[in-house]
Amino acid sequence: RDVVRLNIKPLWSAFNFFTLYANADGIVVSKEDAALATHDSQPTTNMLDRYILAKCKTAVMQVRASMDAYDTPGAAEAITVFFDVLNNWYIRRSRPRFWGEELTADKQAAYNTLFTVLSLMCRAAAPLLPFVTEAVYRGLHGDTASVHLTDFPDVSGIADEFALIADMDWVRDVC
């Protein structure tokens with residue numbers, strides 16, 4: 001019951017939110033578009049986008065370190081914490097961006113960021129949540145793609161935002 005509540009439902013909820021609004025807006029987010037959200041030469045200017053990308057980088061690195069040390073509970077904890085932040089902070093604070101009437105650059109950046117973190121975390125969480133990550137990854141990348149045939153995500157292109165993470169985590173704690 002706890003695995004479903006803490007791991008599967010948050011991942012599925014974030015994916016459902018993304019697909020609901022992307023389909024309503026007629027958004028087609030390609031892998032190339034989403035890559036722009038992580039590339040150092042094309043960083044997003046929105047503070048929430050920068051925060052969740054940096055938080056994703058930290059989570060992926062924690063999952064890798066835990067898996068390398070055969071610490072599956074540590075890897076699962078990193079995934080759980082990330083999806084809590086994604087759903088209860090990033091998506092809640094970004095709703096007005098997704099609800100906008102027109103497709104602005106800021107709205108497109110929000111879609112690209114959410115696509116990017118979902119894709120990266122599916123690849124990182126695939127060994128621990130094989131079936132649900134497969135369904136989400138295929139929903140993001142098309143039915144021909146399999147998360148289990150991809151490499152572990154390379155997050156080196158995401159900027160290190162240690163000060164932003166510390167400040168935003170402090171704000172989250174206060175709230």
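Are F82 and F83 buried or exposed? Both residues are buried in this predicted model.

Confidence was examined before the contacts. The protein chain has a mean pLDDT of 88. Of its residues, 91% reach 70 or more. Confidence is lowest in helix 2, residues 31–38, where the mean is 52. Helix 3, residues 47–68, stands at the other end, with the highest mean, 96.

The largest nonpolar core holds 51 residues. Four of them touch the most other members: F82, L86, L114 and L118. In soluble globular proteins, nonpolar side chains tend to be buried together.

Aromatic pairs number 7 across the whole structure. One of them joins F18 and Y111, with ring centres 6.1 Å apart. Their planes are at 75°, so the geometry is edge-to-face. F18 belongs to helix 1 and Y111 to helix 5, so the pair ties together parts that are 93 residues apart in sequence. Both partners are shielded from solvent by the accessibility criterion: F18 is buried at 7% relative accessibility, and Y111 is buried at 0%. Ring pairs also build a cluster from F17, F18, Y21, F98, Y111 and F115.

Charged pairs were examined next. Side chains of opposite charge can pair when their charged atoms come close. The salt bridge count is 8. One of these bridges runs between D169 and K55, whose closest N and O atoms are 3.0 Å apart. This pair links distant parts of the chain, with D169 in helix 7 and K55 in helix 3, 114 residues apart. Buried means under 20% relative accessible area. D169 has a value of 18%, so D169 counts as buried. K55 has a value of 14%, so K55 counts as buried too.

The closest N and O atoms of the R172–D169 salt bridge are 3.0 Å apart. Both residues lie in helix 7, 3 residues apart, about one turn of the helix. R172 is partly exposed, with a relative accessibility of 22%.

Salt bridges that share partners also join D49, R97 and D106 into one network. What is the burial state of R97, judged by its relative accessibility? At 10%, R97 counts as buried. D106 is partly exposed, with a relative accessible area of 33%.

The disulfide count is 0. C56 is in no disulfide, and the nearest cysteine sulfur belongs to C122. The cut-off for a disulfide is 2.5 Å between sulfur atoms. C56 is buried, with a relative accessible area of 0%. C122 is also buried, at 0% relative accessibility.

One backbone feature remains. Most residues other than glycine have a negative phi. Y70 has a positive phi, near 60°, and is not a glycine. Where does Y70 lie? Y70 sits in the loop between helix 3 and helix 4. With a relative accessibility of 77%, Y70 counts as exposed.

Technical notes:
Residues numbered from 1 in each chain as written. Predicted model: local features only at pLDDT ≥ 70, side-chain atom pairs only at ≥ 80, totals over all residues. Heavy atoms only, no water. pLDDT = per-residue confidence, 0-100. Helix = DSSP H or I, 4+ residues; strand = E, 2+ residues; numbered from the N terminus. Core = buried A, V, L, I, M, F, W, Y, C linked by side-chain atoms within 4.5 Å. Buried < 20%, exposed > 50% of the residue type's maximum accessible area, 1.4 Å probe, protein only. Salt bridge = Lys/Arg side-chain N within 4 Å of Asp/Glu carboxyl O. Phe/Tyr/Trp six-rings, centres within 6.5 Å; stacked < 30°, edge-to-face > 60°.
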